[in-house]
Amino acid sequence: MAYDMLDVINNGKDSWKVKVRVIRLWDAINLNNNELISLDMILLDEQGTMIHAKVIKHMVNKFRPLIQEGLVYMIANFKVTSAMNFRPVEGDKIINFLHTTKIQEIKGLKNIRIAEQSFMFCSVEVLSRRDGQRMYLSDVIGVASYIGNIEETETTHGISKIRDIVLRIEDQKVNIRLWGNKVDQIDEDSVGRVVIVTSTTVRKLKEYSLSSTGATKVYIDLDIPETTELQTRYCLEDDIIEETGPEAHLQGTIQEQMLYNRKTLREITEIAYESEKIGKVLYCRSNH
């Protein structure tokens, strides 16, 4: 059966046909009213190309029962448009489902030559270039040196759950705040394990500080080569865990901390929430 590769599709027609795996699937929610905006996903083809795809709100009931994360599908008859800001993959195109879009699950391992997962991990250098930018969301991988408790904080959209974690990435401590239902994707038992956090926004305070978004997924010790490499590296380094207090810019009362991270209302509604406080953290330091 003939089909197209993701790297060649464009807005020239609506009759494309692709064979892809749905590697991530999530609901895009309007934080102002908690209403569904769209059903979003990342698709991966056999050449390793990823693309963001979207089912708009009034068609979600039609397509949600037909799509399951991790499965492979033939998808035909869709529209290709230009990607906007906060892209979960590094591409300039997005697939939009139409009423006429057809989706069929592909079964049988011999017919599937598509990886189970794919990421675009950001180095610390790349994170530094993405400080405050809106073009791309960032995937990171590192060893968890601290997993905070689930707490609650007040935001412009009401009370939200938060959990602060710290990953060791290239021997640097990177703070990540998980928001809302993302806090349940990890727990304290993950300290010392290899953690992947996808689709984050980046802001550098004294050190790098990332925030989850609606597209964020957290993976623990995922069976990929990057995980094995980190496990081997940190095992050989005989790391120790130390306790340290919060960074200076994160100390003080909640009201005082809020003064450090002021944003306009437009910035707050367009991007993930910024950290307002981070408690006591743990980090690893090599003896070598």
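The points that follow go through the barrel and its strand pairs in turn.

1. The model is a predicted one. Its five strands close into a barrel, and the order around it is β1-β2-β3-β5-β4. The pairing is mixed, with a twist that averages 45° from one strand to the next.

2. Strand β1 covers residues 17–30 and strand β2 covers residues 35–44. The two run antiparallel and are joined by nine bridges. One point to check on screen is Trp26, whose bridge partner in β2 is Asp40.

3. On its other pairing, β2 meets β3, again in the antiparallel sense, over seven bridges. Leu44 stands opposite Met50 in β3. The two strands form a hairpin with five residues between them. Within that turn, Gly48 has a positive phi of about 90°.

4. How much of strand β3 is buried? Six of the seven residues in this strand, which spans residues 50–56, are buried, so the strand is mostly covered, buried being under 20% relative accessible area.

5. The pairing of β3 with β5 is in the parallel sense and has three bridges. Strand β5 takes in residues 93–105. Here His52 stands opposite Ile94 in β5.

6. Taken together, β3 has an antiparallel pairing with β2 and a parallel one with β5. Both kinds of pairing go through backbone hydrogen bonds. For the barrel as a whole, the pairing is mixed.

Methods:
Residues numbered from 1 in each chain as written. Predicted model: local features only at pLDDT ≥ 70, side-chain atom pairs only at ≥ 80, totals over all residues. Heavy atoms only, no water. Pairing = 2+ DSSP bridges. Helix = DSSP H or I, 4+ residues; strand = E, 2+ residues; numbered from the N terminus. Axes fitted to C-alpha atoms, helices over the stretch in contact; angles between N-to-C directions. Buried < 20%, exposed > 50% of the residue type's maximum accessible area, 1.4 Å probe, protein only.
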